[in-house]
Amino acid sequence: MLWIIDLALLAACVAELARLRDALRQAAAFEEAAKSMERRAAEEICRADRLAKALRESEDRLCEAMQTAETLRRASRYNNGMAREFANIFAFNGTEEGQADLTDG
């Protein structure tokens, strides 16, 4: 009878050992999945950093382009004013009609 109890205990231990091996395999699979997710997260963080850098550079270029456009608008207004003045100077013929601003229309 003692021998039967030992066999039952041995069978229970074997079953428990099989369950523990399955749990270890599952834990190893979870660990590998976690490592894979960690690598993917690191890659996504690097990608996000590159995109953020590109966005900052793009915003900087846009700001520079807007400043250049404003400088060109100011220069254009200055040049238009100078052109009117030169046109008035060259149109002056010594009379009041010649003194009129060409832009008075």
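Predicted model: local features only at pLDDT ≥ 70, side-chain atom pairs only at ≥ 80, totals over all residues.
**Reading charges and surface in a helical model**

Student: Which residue forms a salt bridge with Arg 73?

Tutor: Side chains of opposite charge can pair when their charged atoms come close. A salt bridge here is a side-chain nitrogen of Lys or Arg within 4 Å of a carboxyl oxygen of Asp or Glu. The partner of Arg 73 is Glu 70, and the closest N and O atoms of this pair are 2.8 Å apart. Glu 70, at 24% relative accessibility, also counts as partly exposed. Because Arg 73 and Glu 70 are three residues apart in helix α1, about one helical turn separates them. The pair also belongs to a network of salt bridges that links Glu 70, Arg 73, Arg 74 and Arg 77.

Student: How many salt bridges are found in the whole structure?

Tutor: The search finds seven salt bridges. One of them joins Arg 19 to Glu 16, with the closest N and O atoms 2.5 Å apart, and these two residues, three apart in helix α1, are separated by about one helical turn. Arg 19 is partly exposed at 48% relative accessibility, and Glu 16 is partly exposed at 35%. Arg 25 forms a salt bridge with Asp 22, whose closest N and O atoms are 2.3 Å apart; here too the residues are three apart in helix α1, about one helical turn. Arg 25 is exposed, with a relative accessible area of 54%, whereas Asp 22 is partly exposed at 44%.

Student: How many helices and strands does the protein chain have?

Tutor: Helices (H or I, at least four residues) and strands (E, at least two) are DSSP runs, numbered from the N terminus. The protein chain has two helices and zero strands, and helix α1 covers residues 2–91. Buried residues make up 3% of the 105 residues in the chain. The chain exposes about 9,500 Å² (by the Shrake-Rupley method), and carbon and sulfur atoms supply 62% of that area.

Student: Which residues form the nonpolar patch on the surface?

Tutor: A patch is made of residues with over 30% relative accessible area and no salt bridge, joined within 9 Å for like charges and within 5 Å for nonpolar side chains (Val, Leu, Ile, Met, Phe, Trp, Tyr). The nonpolar patch consists of Tyr 78, Met 82, Phe 86, Ile 89 and Phe 90, which together have about 580 Å² of accessible area. Tyr 78 lies in helix α1 and counts as exposed at 55% relative accessibility.

Student: How many disulfides does a search of the whole structure find?

Tutor: A disulfide is a pair of cysteine sulfur atoms within 2.5 Å, and the search of the whole structure finds zero. As for individual cysteines, Cys 13 is partly exposed at 43% relative accessibility, and Cys 63 is partly exposed with a relative accessible area of 40%.

Key. Residues numbered from 1 in each chain as written. Heavy atoms only, no water. Buried < 20%, exposed > 50% of the residue type's maximum accessible area, 1.4 Å probe, protein only. Areas by Shrake-Rupley, 256 points an atom, 1.4 Å probe, with all protein chains shown as cover.
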